[in-house]
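Subject: Structure handover

Hello,

Please find the structure we spoke about below. My notes on what was found in it follow.

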Amino acid sequence: MVAQRGRRNGAGAAHKRTRPPGTPDADNAPTAEMPAVGENGADPEVRARAIPEAAVARLAVYLRVLSAMAEQGSTTVSSEELSSAAGVNSAKLRKDLSYLGSYGTRGVGYEVEVLVGQIERTLGLTRQHKVAVVGIGNLGHALANYGGFPGRGFPVEALFDIDPDLIGVPVGGLPVSHLDDIPRVCTERQISIGVIATPPAAAQSVCDRLVAGGVQCILNFAPVVLQVPEHVEVRKVDLAVELQILSFHVARRADNAEAAAGGVNGHVVDPAVMPS
Ligand SMILES: NC(=O)c1ccc[n+]([C@@H]2O[C@H](COP(=O)([O-])OP(=O)(O)OC[C@H]3O[C@@H](n4cnc5c(N)ncnc54)[C@H](O)[C@@H]3O)[C@@H](O)[C@H]2O)c1
């Protein structure tokens, strides 16, 4: 078992990353084409570490949109086209892309293939990350059967559960192994990402086994905060939190609409009593 000495990770454990000195602001970004990642003096790894978490998530969205554009034969894209297709405002998009050292060319925009390559390198997608799923219940079955991961560089190579009825049974073409085999199988198959889809009470011991098997990243669906060593990265997926964030945005939009319709602080103001 791995000692419980590491940092705590959870939905609230945002990885605070700051912009390195000298990283241009989108509003002041040059319009001439700048060199690609790693070619303008900055170490790409240092630069990648400096990208805020929220921007990293948006880069993954841009990559999906750009890959679809490339498949349709597009060679260049303007920031307006890309921002509209990704559902992000264009100032934010330009800022996100400036973290890659990519500013586009005035009147032309961005080269789709170059941008895809830059985002893939920044997200570390130039190599495959083998995935293990632990807990082959409702969620684990869905993840194991989902065909979209391998094509995006995340082949599912191992499944684990504790239920004797599931051990040896193929799910998505892969037989389920026993929980106790996690360290050995993960080491042998060089698994780098472990997905935890067990009940919360089992998640920490599963996490310890994954870490003992050399797993470097954990995607945790169980509603529990995990303890991991410093070198292990944890992302927690909490659908309830996502819904709460959506609810916040809906409420804010409603407030803005009300204010735009003549109210102040959510209340309609009688012009006769407004201060001059
Ligand atoms: N189902 C969803 O939509 C959903 C959504 C978000 C989060 N979650 C969370 O994901 C987790 C899984 O949810 P579910 O609905 O798939 O549950 P589930 O009960 O259908 O499946 C859990 C699986 O984990 C296995 N398991 C139990 N203890 C284990 C252990 N020590 N080692 C390995 N496997 C073990 C069980 O045998 C079972 O197959 C839960 O923590 C849940 O809160 C579920």
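The residues of the shell around the ligand divide into 15 nonpolar, 5 polar and 2 charged. Here Ala, Val, Leu, Ile, Met, Phe, Trp, Tyr, Cys and Pro count as nonpolar, Asp, Glu, Lys and Arg as charged, and the others, Gly among them, as polar.

Before the rest, some notes on the source. This is a predicted model, in which local features need pLDDT of at least 70 and side-chain atom pairs count only at pLDDT 80 or more, while totals for chains, interfaces and linings use all residues. Residues are numbered from 1 along each chain as its sequence is written.

The ligand site

There are 22 residues around the ligand, and Gly-135, Gly-137, Leu-139, Ala-202 and Ala-222 come nearest (a residue is near a molecule if its C-beta atom, placed from the backbone, lies within 6 Å of it). Two or more residues of this shell come from each of α6 (138–145), β5 (156–161) and α8 (200–212). Helices (H or I, at least four residues) and strands (E, at least two) are DSSP runs, numbered from the N terminus.

UniProt, in an unreviewed entry, annotates Gly-135, Ile-136, Gly-137, Asn-138, Leu-139 and Gly-140 as "binding site". UniProt positions are given in the numbering used here, feature names are shortened, and annotations may be inferred rather than shown by experiment.

Asn-138 is exposed because it has 9 other C-beta atoms within 10 Å. Leu-139 has 17 C-beta neighbours inside 10 Å and therefore counts as partly exposed. The cut-offs are 20 or more other C-beta atoms within 10 Å for buried, 12 or fewer for exposed, and in between for partly exposed, with C-beta atoms placed from the backbone. Leaving out residues up to four places away in sequence, Leu-139 touches Ala-197 and Phe-221 (contact means C-beta atoms, placed from the backbone, within 7 Å).

The cores

A nonpolar core is a set of buried Ala, Val, Leu, Ile, Met, Phe, Trp, Tyr and Cys residues joined through C-beta atoms within 7 Å. The largest one has 33 residues, and Ala-132, Val-133, Val-134, Val-195, Ile-196, Cys-207 and Ile-218 have the most contacts inside it. Elements giving two or more residues to this core include β4 (131–134), α7 (182–188), β8 (193–196) and β10 (226–228). Its largest share, 5 residues, comes from α8. Another core, of 17 residues, lies apart from it, with Leu-59, Leu-66, Leu-97 and Ile-119 among its members.

Helix α4 and the annotated region

In helix α4 (residues 90–98), Leu-93, Arg-94, Lys-95, Asp-96, Leu-97 and Ser-98 are buried. The buried residues of α4 pack against α2 (53–71) and α3 (79–86). UniProt, in an unreviewed entry, lists residues 61–100 as "DNA-binding region". Over residues 61–100 the chain is 70% helix and 5% strand, and the end C-alpha atoms are 15 Å apart.

One backbone detail

Gln-190, in the loop between α7 and β8, is not a glycine but has a positive phi of about 55°. Most residues other than glycine have a negative phi. Gln-190 counts as partly exposed because it has 13 C-beta neighbours inside 10 Å.

The whole chain

The protein has 276 residues, of which 27% count as buried. Its secondary structure comes to 9 helices and 13 strands. Of the contacts with a separation of 6 or more, 65% join residues 24 or more positions apart.

Regards

Notes
Two residues are in contact if their C-beta atoms, placed from the backbone, lie within 7 Å.
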